[in-house]
Amino acid sequence: MKEESRTNIGTPVPDASDPEELHEQVERTRDELGRTVEALAAKADVKAQAKEKTAAAKEQASEKVALAADQLRGKAEQATRLVKDKTPDPLLERTAQAAAQVRDTASKAGQYAAGKAPEPVREKAGQAASFARTNRGPLILSGTLLAAFLLVRRARGRR
């Protein structure tokens, strides 16, 4: 190959007397051209780029939601501990009794409703029950706070 003679893009011009070298040069050029065309096609494919950006945004949003949910769970647990630590034992006992009574009454009402309610209502009730099971901690905290508020309000009303 002659080192002095080059094309505009800097590729050496092969020696015309060696057909094999010429063939190799053509193959290399085809490969380079094919990669260049693929890269240009990828840049021109706006729909694919939009899908990639959308997927990346969804992933990032999911990570942020998971992080926020973890932080919220941690704060709810901390608040639960704080309320339990600050609440007098007799109040906690009454709250536990009230919760047991509510569970018992709800169970009886659920059995009664299961026999009388139409199927769509039973499905919704099942969904609500599974939601309550998965979010037991925040619901217990809410019930405890409500019971404490009502008991304090009742005690102040007697004075």
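A salt bridge, as I use the term, is a side-chain nitrogen of Lys or Arg within 4 Å of a carboxyl oxygen of Asp or Glu. How many does a search of the whole structure find? Three.

A word on the source. This is a predicted model, where local features need pLDDT of at least 70, side-chain atom pairs count only at pLDDT 80 or more, and totals for chains, interfaces and linings use all residues. Residues are numbered from 1 along each chain as its sequence is written, and side-chain values use heavy atoms, with hydrogens and water left out.

Now the pairs. Helices here are DSSP runs (H or I, at least four residues), numbered from the N terminus.

Start with helix 1, residues 19-44. E27 pairs with R30, with 3.1 Å between the closest N and O atoms. They sit three residues apart, about one turn of the helix. For accessibility, buried is under 20% relative accessible area, exposed is over 50%, and partly exposed is in between (1.4 Å probe, protein chains only). R30 is exposed at 55%. E27 is partly exposed at 32%.

Next, helix 2, residues 46-86. R73 bridges to D70 at 2.9 Å. The spacing is again three residues. D70 is partly exposed, at 48%.

Then helix 3, residues 89-116. K108 meets D104 at 3.5 Å, N to O. These two are four residues apart, about one turn of the helix. K108 counts as exposed because its relative accessibility is 52%. D104, at 40%, is partly exposed.

Last, helix 5, residues 136-158. F149 lies there. Its relative accessibility is 48%, so F149 counts as partly exposed.
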